[in-house]
Amino acid sequence: MSRRVRRKTILNQDKEKVLVHNSCGNGVCEEACHSEGNLVDADWTSLPDDTVVQIFSCLNYRDRASLSSTCKTFRSLGSSPYLWTSLDLRAHKCDIRTAASLASRCRNLKKLRFRGSDSANTVMFLHARDLREISGDCCRDITDATLSVMAARHEALESLQIGPDFCDRITSDAIQKVSMCCPKLKRLRLSGVRDIDGEAILSLARNCKQLVEIGFMDCLRVDAPALEDAVSIKFLSLSGSKHINWSLSSQALSKLPNLVGLDVSRTDVPTSAIFRLLSSESLKIVNALHCLAFEEGGNYASSDVKSNVLLTPFTDMFKGLSSLICGLVQQERVLENDSKLFWLSSLISGLVQQERITKIDKKLLWNQRNQIAVDGTSRSVIDWVEWVLSHSLLRIAENNPPGLDGFWVGQGATLLLSLVQSLQEDVQERAATGLATFVVIDDENATVHPGRAEAVMSGGGIRLLLNLARSCREGVQSEAAKAIANLSVNADVAKAVAVEGGISLLAALAKSPNRLVAEEAAGGLWNLSVGEEHKAAIAEAGGVQALVDLIFKWPSGGDGVLERAAGALANLAADDKCSMEVAVAGGVHALVMLARSCKSEGVQEQAARALANLAAHGDSNGNNAAVGQEAGALEALVQLTCSNHEGVRQEAAGALWNLSFDDRNREAIAASGGVEALVALAQTCSNGSQGLQERAAGALWGLSVSEANSIAIGQEGGVPPLIALARSDAEDVHETAAGALWNLAFNPGNALRIVEEGGVPALVHLCCSSVSKMARFMAALALAYMFDGRMDEVALIGSSAEGGSKAGSLDGARKIALKHIEAFIQAFYDPPLFSAAAASSASTSLAQVVEAVRIQEAGHLRCSGAEIGRFVSMLRNASPTLRACAAFALLQFTIPGSRHAMHHAGLLHKASASRILRSAAASATAPVEAKIFARIVLRNLEHHPIDSCSLT
């Protein structure tokens with residue numbers, strides 16, 4: 001696999017980072033901050049204290065602690081209460097020891113974010129009793145006991161959010177405990193609770209008088225009618241929740257005097273309940289995205305119903321949001337008697353009512369919401385709308401329901417891009433994750449929807465995401481990098497990312513000490529490196545070294561980052577120049593280390609693929625030999641061919657195939673058990689993918705170049721599976737199988753096995769029917785080896801009766817084989833062209849014949865001295881067909897300019913073949929094509945005099 005996409009958020013419980021205050025203005029740092037080339041010498045001790053504190057605010061808590069330990073001044077400044085009002089522990093595992101070490105700094109802590117149920121159990125050890133906000137991600141296993149203790153230890157809590165993963169071990173009992181322990185609670189958001197009963201809701205209404213927002217998302221059952229008593233509620237989300245009695249619930253909710261916003265997205269709410277709710281005097285906006293009742297076609301004509309806004313995929317959402325902003329501005333003007341707001345609200349109201357705001361203007365108005373709504377009710381409404389939209393869009397994108405392509409291209413992509421510009425960090429993160437998710441329509445095959453990707457790109461999304469990735473906040477960085485990575489599967493987006501400076505940014509982020517940031521950046525480099533035009537840019541940006549360093553930085557426990565780093569290196573190693581940079585950066589050792597020790601199948605697959613690509617440049621650099629000489633490399637690859645994962649087996653076999661082109665590697669692979677392992681792989685891959693079959697046969701082809709290995713393959717039972725693969729309809733598969741059988745047939749014993757196992761019909765079929773000239777060529781050569789007379793002595797061993805039976809059988813097989821070898825040669829015969837060549841001694845005539853019969857791929861074949869000698873001997877065979885076949889083969893191997901022509905010419909000179917070739921060219925009994933082929937070989941030898949030929 002050359003690229004990878006990620007749809008759903010990875011649940012990783014050992015991450016941690018610090019929530020950064022607005023020390024970077026809008027949260028975006030200049031790219032220069034990441035560039036090592038911009039570092040300058042500075043006297044840090046002479047900096048003003050406020051500057052040092054700002055620098056501290058850009059660091060995660062571990063780096064902050066490290067910097068604090070350098071001197072007394074930094075220790076004092078690093079303990080500033082300003083730096084410890086907010087803490088994000090998601091980037092690394094937070095255990096009791098970590099929490100205890102932070103406790104002395106957390107006395108003034110107000111806001112905490114963590115990841116995982118284990119981290120939830122350690123929150124109380126921070127001793128941050130004045131905490132106001134707690135947010136926990138990926139807490140699927142959190143229990144009533146943990147939530148109850150968390151609430152009891154933090155009585156000043158105002159906001160509690162556990163999700164978005166399902167918290168199905170939390171019950172209504174824990175919600176009651178929260179309500180009793182946290183009377184100042186203003187916001188409660190819980191996801192995936194099985195059952196929220198009326199008593200829990202009544203307890204919240206009774207004890208939490210300041211409660212303004214409730215979110216019960218993706219719950220199995222909610223007693224929504226009981227919410228009638230929660231009169232303080234302004235915002236309510238029941239998104240994705242099931243088993244709600246909407247008839248009773250709509251009546252109860254419509255009576256809430258302060259309800260401003262309602263989220264019923266992804267529910268089965270009927271249209272009648274929606275319109276009953278919209279009749280409420282206080283309700284301003286209802287989010288009904290992906291509600292079945294509206295998607296099937298409801299009785300509604302506009303997203304604006306009696307000045308209330310209804311958001312559905314099939315209404316003009318930007319018009320509705322513009323109306324919402326207009327109403328909010330008018331309300332703020334009345335409350336504050338602000339002349340500026342009065343003028344603005346009048347203008348917006350008039351334009352909206354007169355339908356004079358274009359679609360572009362509506363989007364612009366919504367995107368200017370942060371400037372229009374500064375504080376008060378407007379700010380809280382917009383913040384909530386942003387939050388529920390980001391949550392709903394992400395959930396819909398994760399499920400990828402059919403029928404929403406028009407929505408995503410028309411409105412969804414633009415909405416997500418607008419949410420990326422939110423002032424709320426969690427909304428930014430979720431919107432970036434939504435962009436990463438909604439473009440992917442097939443995880444397994446890394447398929448991105450071109451229309452959706454284009455919508456993001458045309459909406460300025462690439463620049464927005466790159467700016468987001470430059471943020472000082474690591475959570476935002478990682479989600480933006482993930483979105484860039486997935487979008488870059490599209491070639492046009494990848495070019496745009498490169499043009500906007502995304503490659504250097506991702507290379508810098510790959511060096512991040514935060515593993516999740518580095519992982520997503522490596523994923524981006526993985527996808528970008530698919531394009532040949534981006535490989536050099538990645539190398540120039542330091543991406544190769546950064547990727548190799550990632551493997552050494554997290555050699556275990558970080559399967560995601562390791563797989564992405566290895567996958568990117570595999571793509572880069574396919575380029576000759578980049579492959580040398582990978583080797584120089586220590587990539588061979590790093591990848592072999594992964595192949596040897598990592599247990600993740602995804603990592604093993606990409607490591608083996610990277611080693612295969614490194615070994616593919618044997619003629620242009622020394623990486624092939626370097627991989628083979630790395631301790632444990634060949635043994636590890638041989639072992640991986642026995643993996644239960646098909647992709648791992650395929651890439652390991654491909655690596656062994658490439659490595660087998662080196663003579664020393666070939667013998668070392670056999671010594672490491674490669675023959676047995678690859679024969680076993682060939683025997684079991686008949687139902688596997690074409691890629692696996694091709695590589696299994698290819699690796700045996702490579703090993704069988706050695707006669708000792710060829711004999712071992714035959715004795716190990718390699719002939720039958722290769723014959724089976726030769727019958728494949730896939731061109732690549734039967735081509736490699738034909739190559740392996742050609743090598744095996746050189747040995748008389750193997751040749752007999754091929755006949756006995758039914759290989760002649762398979763090779764005959766290839767020889768006459770394959771669409772691959774190479775497959776037909778090698779099948780013909782295998783048949784020629786089998787019936788040039790050397791197999792006869794082996795075949796006749798045994799009793800006279802058995803010998804006679806075998807002789808009769810072989811004679812029939814020989815006739816069939818020679819007939820199809822002749823037909824193969826005749827397929828290249830052009831009577832006028834050959835007649836002209838026979839009648840003339842001009843080199844131009846022979847050159848025209850060469851062009852007509854040349855098989856380009858045959859120039860990559862490298863024969864040994866014994867093989868060349870075999871063809872020379874075949875020139876004197878009694879069979880005219882075999883003489884023509886031998887001359888045809890030697891012609892292909894010696895064409896000037898082909899890869900191994902000089903090598904083969906040297907072997908022919910060494911064997912004194914010129915005399916035999918002249919005799920063949922002048923033979924009165926030879927076919928005309930055989931004589932012309934012999935003349936061409938003689939001419940080819942003249943191009944390679946003996947003193948210029950390599951005899952290696």
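Visitor: What should I know before we start?

Guide: This is a predicted model, so local features need pLDDT of at least 70 and side-chain atom pairs count only at pLDDT 80 or more, while totals for chains, interfaces and linings use all residues. Residues are numbered from 1 along each chain as its sequence is written, and side-chain values use heavy atoms, with hydrogens and water left out.

Visitor: How do I read a strand, and why is strand 7 described as largely enclosed by the rest of the structure?

Guide: Start with the words. Strands (E, at least two residues) and helices (H or I, at least four) are DSSP runs, numbered from the N terminus. Buried means under 20% relative accessible area, exposed means over 50%, and partly exposed is in between, using a 1.4 Å probe and protein chains only. Strand 7 covers residues 213-217, and five of its five residues are buried, so it is largely enclosed by the rest of the structure.

Visitor: Which residues of strand 7 sit on each side?

Guide: In a regular strand the side chains alternate between the two faces of the sheet. Here, E213, G215 and M217 are on one side of strand 7, with I214 and F216 on the other, and all are buried.

Visitor: Which strand pairs with strand 7 over five bridges?

Guide: Two strands pair if DSSP finds at least two bridges between them. Strand 5 (residues 187-191) pairs with strand 7 in the parallel sense, over five bridges, and L190 stands opposite F216. Strand 9 (residues 235-237) also runs parallel to strand 7, joined to it by three bridges; in that pairing E213 faces F235.

Visitor: Now the nonpolar cores. How many residues does the largest one have?

Guide: A nonpolar core is a set of buried Ala, Val, Leu, Ile, Met, Phe, Trp, Tyr and Cys residues joined through side-chain atoms within 4.5 Å. The largest one has 225 residues, and W742, F777, L783, M786, F871 and F893 have the most contacts inside it. Helix 42 (residues 773-786) gives the most to this core, with eleven residues. There's also a second, separate core of 77 residues, which includes A120, A174, V193 and F294.

Visitor: What does L783 touch?

Guide: Contact means heavy atoms within 4.5 Å. Leaving aside neighbours within four places in sequence, L783 is in contact with V760, L763, V764, C767, A817 and I821.

Visitor: How do I describe two helices packed together?

Guide: Two packed helices are described by the angle between their axes and the distance between the axes. Axes are lines fitted to C-alpha atoms, for helices over the stretch in contact, and angles run from 0 to 180 degrees between N-to-C directions. Take helix 26 (residues 543-553) and helix 27 (residues 559-573): their axes come within 9 Å and cross at roughly 145°. Among the residues that meet are V544 and L547 in helix 26, and V561 and L562 in helix 27.

Visitor: Where is H734, and is it buried or exposed?

Guide: H734 is found in helix 39 (residues 731-745), and at 5% relative accessibility it counts as buried. A polar atom of the H734 side chain lies 2.9 Å from the backbone oxygen of S728. Not counting residues up to four places away in sequence, H734 touches several others, including L725, D729 and L766.

Visitor: Last, the loops. Which residues does the cis peptide bond join?

Guide: The cis bond joins G163 and P164, with omega about 5°. P164 lies in the loop between strand 4 (159-162) and helix 7 (172-181).

Visitor: Where is H127, and what is its phi?

Guide: H127 is in the loop between helix 5 (117-120) and strand 3 (133-137), and its phi is positive, about 55°, although H127 is not a glycine. A446 also has a positive phi, near 50°; A446 lies in the loop between strand 14 (440-442) and strand 15 (447-448) and, at 7% relative accessibility, counts as buried.

Key: A polar contact is a pair of N or O atoms within 3.5 Å; within protein, one must be able to donate a hydrogen and the other to accept it, and residues adjacent in sequence count only if both atoms are side-chain atoms.
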